[in-house]
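I want to look up a few residues and what sits around the ligand.

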Amino acid sequence: MQSITTELVHQTITRRPAESHKGTYGRLMLIGGNQNFGGAIIMAATAAIYSGAGLVTVATDASNFTSLHAQLPEAMVVDYRQTAYVTQLLQTMDVIIIGPGLGTDQLAANLLTTVLTHVQAHQRLVIDGSALTLLAARQQSLPDAQIVVTPHQMEWQRLSGLKIADQTPTANRQAQQHLHAIAVVKAHHTTVYTNDRVWFNPGGTPAMATGGMGDTLAGMVGGFAAQFPDFTNAILSAVYLHSEVADDLAQSRYVVLPHQISAEIPKYMHRASLA
Ligand SMILES: NC(=O)C1=CN([C@@H]2O[C@H](COP(=O)(O)OP(=O)(O)OC[C@H]3O[C@@H](n4cnc5c(N)ncnc54)[C@H](O)[C@@H]3O)[C@@H](O)[C@H]2O)[C@@H](O)CC1
Ligand SMILES: Nc1ncnc2c1ncn2[C@@H]1O[C@H](COP(=O)(O)OP(=O)(O)O)[C@@H](O)[C@H]1O
Ligand SMILES: [Mg+2]
């Protein structure tokens, strides 16, 4: 097992070239946020935009449009019931995040099917939250694309069949190899399973144990994947910075809130890009 290092993050987050525009930094779509979990997709979209994704579209329940725009006018929206339009937009994306606050009803299941059917080999796909629970209930192999799953231990139990007590690095690695995706197994110390390595995240604090913290990580992973060429390093850097920000904030706070992490991301990325 290898620790994710500051050096890896510094190598990944590079200075932006002057000759660039929003299109340079990736088109990203987030799919999620039902009538009960609108906050989850807002937190994920906030993290993606604060991570620097160039153009962000949120496919969500229409009841979330006003609150999303009040919080994040940078985001575009589409009603996730407009299947044909969502499918058309999907083709234009560099990165797709599905799952934060999606729920597990028939509409959610249909949206996951749409994404898994239409995702293309060159696209990057982040599967989180409810989409993992839906995926675990299917006997379906993942399509040919660059895919990362970001389960917490309970979601990983559903997806891998491994009870939390049995989620050792060796067992997790075996399960990840069956999945054909990178796996970020979130816990007090998160571990990341790529095709050839097992990574260990040195950061993290119980001050992060609040709803929305993983939605925020999913947004960061997607935002970094939209900009940085090496998919694995983009994922590892997002995992590392997410907990580094939290550890720093937790030095003077009992609990760290997801939006407080997002607010700090541009500063930490700036620092990393200069190092
Ligand atoms: N404000 C919002 O709208 C929020 C929406 N959320 C959404 O709610 C949906 C369901 O996700 P949940 O994760 O709540 O539900 P799940 O049913 O998938 O998992 C939660 C259960 O797993 C247990 N658990 C065991 N090990 C854990 C670990 N290491 N980390 C986290 N939980 C662990 C928890 O105690 C809890 O009982 C997702 O779509 C998620 O994105 C949550 O993110 C919470 C905030
Ligand atoms: N005790 C802890 N120590 C370190 N990190 C934690 C702790 N509790 C939660 N986290 C982190 O917070 C995030 C929680 O993700 P998740 O459970 O998916 O949240 P949600 O779905 O509510 O957004 C993960 O990145 C996890 O590693
Ligand atoms: Mg989650």
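Predicted model: local features only at pLDDT ≥ 70, side-chain atom pairs only at ≥ 80, totals over all residues.

I started with Asp-215: leaving out residues up to four places away in sequence, it touches Ala-40, Met-43, Ala-44, Pro-100, Gly-101, Gly-129 and Pro-258. Contact here is C-beta atoms, placed from the backbone, within 7 Å.

Residues are numbered from 1 along each chain as its sequence is written, and chains are lettered from A and ligands numbered from 1 in the order in which they are written.

Asp-215 sits in helix α9 (helices are DSSP runs of H or I, at least four residues, numbered from the N terminus). Buried or exposed? I get buried for Asp-215, because it has 30 C-beta neighbours inside 10 Å; the cut-off for buried is 20 or more other C-beta atoms within 10 Å of its own, placed from the backbone.

Next I checked Ala-40, which is in helix α2. Ala-40 counts as buried because 31 C-beta neighbours lie inside 10 Å. Beyond four places in sequence, its contacts include Gly-101, Gly-129 and Asp-215.

I looked up the UniProt record too: the unreviewed entry puts "binding site" at Ala-40, Gly-101, His-152 and Asp-215. Such annotations may be inferred rather than shown by experiment.

Last, ligand 1: I find 19 residues around it, with Gly-39, Gly-129, His-152, Met-154 and Gly-211 the closest (near means a C-beta atom, placed from the backbone, within 6 Å). Helix α7 gives the most to this shell, 3 residues.

Key. Helix = DSSP H or I, 4+ residues; strand = E, 2+ residues; numbered from the N terminus. Buried ≥ 20, exposed ≤ 12 C-beta atoms within 10 Å, placed from the backbone. Contact = placed C-beta atoms within 7 Å.
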